[in-house]
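Trainee: Hi! I have a new model open and could use a guide. Can we walk through it together?

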Amino acid sequence: MQIDSLRPGGDITETYELYGDMLFKIAMVYLGNKQDVEEAIQETFMKLIYKSPEFSNQEHKKAWLIRVITNHCKNMQGSLWRKRVTKMEHMNDYFVEPSERTLMDSVMSLPFKYKSVIHLFYYEDYSVKEIAGILQINESAVKMRLQRGRKLLRMDLEGEDD
């Protein structure tokens with residue numbers, strides 16, 4: 001397989017500097033520990049290097065990277081070992097305010113399908129339409145997941161039951 005680093009957008013270092021932090025946060029929401037997150041980011045960039053897809057613009061590239069890391073995180077979550085172990089001991093290193101940690105703990109305790117749309121909508125500022133495209137689900141499913149995720153978060157944070 002030939003790698004075309006001269007093609008526009010083919011510069012991995014620039015791509016990593018541009019999207020590395022965002023991908024780290026997304027993977028941290030799914031996986032909860034630095035080692036797994038670094039592995040997910042490494043796999044995502046390996047796919048970018050070896051598949052070398054053509055992108056119509058930077059937003060297309062960003063959406064592709066989010067889809068790839070999300071799918072990789074899902075695969076890691078589905079592994080038998082991962083189902084039995086949850087490591088979150090270094091999570092405090094990534095938050096300035098304790099309230100941010102409390103909120104993130106609540107988001108991370110959501111079922112996978114809800115926390116993915118909550119993170120993309122509130123932390124990455126994607127629209128419902130964009131999230132539908134990234135996760136390859138329809139817009140009504142995104143809206144329903146946002147609604148149910150918000151309800152679960154509200155119940156968790158406020159201790160209320162509607």
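Predicted model: local features only at pLDDT ≥ 70, side-chain atom pairs only at ≥ 80, totals over all residues.

Trainee: Good to know. How many helices and strands does the protein chain have?

Mentor: There are 8 helices and 0 strands. From the N terminus on, the elements run α-α-α-α-α-α-α-α.

Trainee: And what share of the 162 residues is buried?

Mentor: Buried residues make up 39% of them. As for contacts with a separation of 6 or more, 64% are between residues 24 or more positions apart.

Trainee: Let's pick two helices. How do H1 and H6 pack?

Mentor: Their axes are 10 Å apart, at an angle of about 155 degrees. An angle over 145 counts as roughly antiparallel, so H1 is roughly antiparallel to H6. The crossing of H1 past H6 is right-handed.

Trainee: Which residues meet there?

Mentor: From H1 you have Lys 25, Ile 26, Val 29 and Tyr 30. They meet Phe 112, Lys 115, Ser 116, His 119 and Leu 120 in H6.

Trainee: Switching to rings: how many aromatic pairs turn up in the whole structure?

Mentor: The search finds 4. One of them is Tyr 30 with Phe 112, a tilted pair with 4.5 Å centre to centre and 40 degrees between the planes. Tyr 30 sits in H1 (residues 12-31) and Phe 112 in H6 (residues 112-123), so the pair ties together parts that are 82 residues apart in sequence.

Trainee: What about Phe 55 and Trp 64?

Mentor: Their ring centres are 5.6 Å apart and their planes are at 65 degrees, so that pair is edge-to-face. Phe 55 is partly exposed at 22% relative accessibility, while Trp 64 is buried at 14%.

Trainee: Okay, new topic. Which residues of H7 are buried?

Mentor: H7 covers residues 128-135, and its buried residues are Val 128, Ile 131, Ala 132, Ile 134 and Leu 135. Down the axis of H7 they fall within an arc of 165 degrees, so they line one face of the helix.

Trainee: Why would residues a few places apart point the same way?

Mentor: An α-helix has 3.6 residues a turn, so residues three or four places apart point the same way.

Trainee: Nice. What covers the buried residues of H7?

Mentor: The cover includes H3 (58-78), H6 and H8 (139-158).

Trainee: H6 again! How do the axes of H6 and H7 cross?

Mentor: They come within 10 Å and cross at roughly 130 degrees. H6 and H7 are therefore oblique to each other, and their crossing is right-handed. On the H6 side the contact is made by Ser 116, Val 117, Leu 120 and Phe 121. On the H7 side you find Val 128, Ile 131, Ile 134 and Leu 135.

Key:
Residues numbered from 1 in each chain as written. Heavy atoms only, no water. Phe/Tyr/Trp six-rings, centres within 6.5 Å; stacked < 30°, edge-to-face > 60°. Helix = DSSP H or I, 4+ residues; strand = E, 2+ residues; numbered from the N terminus. Buried < 20%, exposed > 50% of the residue type's maximum accessible area, 1.4 Å probe, protein only. Arc of directions from axis to C-beta. Contact = heavy atoms within 4.5 Å. Axes fitted to C-alpha atoms, helices over the stretch in contact; angles between N-to-C directions. Parallel < 35°, antiparallel > 145°, perpendicular 65-115°, else oblique. Left-handed = near helix turned anticlockwise from the far one by under 90°.
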